[in-house]
Amino acid sequence: MSQHNKPLIIGVSGASGLIYAVRALKFLLAADYEIELVASKSTYMVWQAEQEIRMPAEPLQQEQFWREQAGVAHSGKLRCHSWSDVGANIASGSFRTVGMIVIPCSMSTVAKLAGGLSSDLLERAADVQLKEGRKLVIVPRETPFSLIHLRNLTTLAETGVRIVPAIPAWYHNPQTIEDLVDFVVARTLDQLDIDCVPLRRWEGGKRNS
């Protein structure tokens, strides 16, 4: 049983950088959070392209897949949903959550959210967070941004969406790729007042573990 009262939704879109989702899951599950996860249709192709790994489509198998990728076998609670299941619990505003993170977030997803479109469960779940006034955090993974991208991101920011670009810092003296990724994950979770990632935070010129 999770020690946290309401679940957190994680959306994984078809942007490059699935390691961000994997590391977020690792820390959240280890901290005993309850996670509702939905991956977009294009995420399957990105797994194949980046890791030559086939992500299963069946929700129960997908739960095991994500746990294996995150290296967390039993802690927390994880429920996966099919991208096409628009009748899932997270598609309804009556299903209470602490909010939602889309990590990584493609520019296609950004555009659809900015336009109020809901063509799959990920987009519908994010739209629900907006209409219910809950926290929505996105981690866009694109460079450079076009003017269209920036206008769509501005539209989302004006509605209260927190935008955390996948840009690492260096003051914490990163030694590995995971250190760089974990900084972005930690700052993303900060937007929801979740502190479960070991991070050396800035303290006026000196590092603190």
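Good morning. I begin at D195, which is exposed, with a relative accessible area of 60%. What I am presenting is a predicted model.

The side chain of D195 meets that of R201 in a salt bridge, at 3.6 Å from N to O. R201 is partly exposed, at 30% relative accessibility.

Side chains of opposite charge can pair when their charged atoms come close. In this model the count of salt bridges comes to 10. One of them joins D193 to K135, with the closest N and O atoms 3.5 Å apart. That pair links distant parts of the chain: D193 sits in the loop between α7 (177–190) and β7 (201–202), K135 sits in the loop between α5 and β5, and 58 residues separate them. D193 is exposed, with a relative accessible area of 66%, while K135 is partly exposed at 39%.

Another salt bridge is formed by E123 and K112, whose closest N and O atoms are 3.6 Å apart. E123 belongs to helix α5 and K112 to helix α4, so this pair ties together parts that are 11 residues apart in sequence. Is E123 buried or exposed? E123 is buried, with a relative accessible area of 4%.

After the helix comes G133, which has a positive phi, near 75 degrees.

The largest nonpolar core has 45 residues, and L25, L28, I35, L37, W66 and I103 touch the most other members. Helix α1, residues 19–30, gives the most to this core, contributing 8 residues. Taking I35 as an example, and leaving out residues up to four places away in sequence, its contacts are L8, I10, L25, L28, L29, K77, L78 and R79. Another core lies apart from the largest one; it has 20 residues, including V110, L121, A126 and L136.

H81 is placed in strand β3, residues 77–81. H81 is buried, with a relative accessible area of 7%. Its side chain makes a polar contact with the side chain of N89, at 3.5 Å. Beyond four places in sequence, H81 is in contact with E36, L37, V38 and A39, with A88, N89 and I90, and with L121.

Finally, I return to the surface. F145, L147 and L150 form a nonpolar patch there, with about 250 Å² of accessible area together. F145 is found in the loop between β5 (136–140) and α6 (147–158), and is partly exposed, at 31% relative accessible area.

Thank you for your attention.

How values were computed. Residues numbered from 1 in each chain as written. Predicted model: local features only at pLDDT ≥ 70, side-chain atom pairs only at ≥ 80, totals over all residues. Heavy atoms only, no water. Core = buried A, V, L, I, M, F, W, Y, C linked by side-chain atoms within 4.5 Å. Buried < 20%, exposed > 50% of the residue type's maximum accessible area, 1.4 Å probe, protein only. Helix = DSSP H or I, 4+ residues; strand = E, 2+ residues; numbered from the N terminus. Contact = heavy atoms within 4.5 Å. Polar contact = N/O pair within 3.5 Å; in protein donor to acceptor, adjacent residues only side chain to side chain. Patch = residues over 30% accessible without salt bridge, like charges linked within 9 Å, V, L, I, M, F, W, Y side chains within 5 Å. Areas by Shrake-Rupley, 256 points an atom, 1.4 Å probe, with all protein chains shown as cover. Salt bridge = Lys/Arg side-chain N within 4 Å of Asp/Glu carboxyl O.
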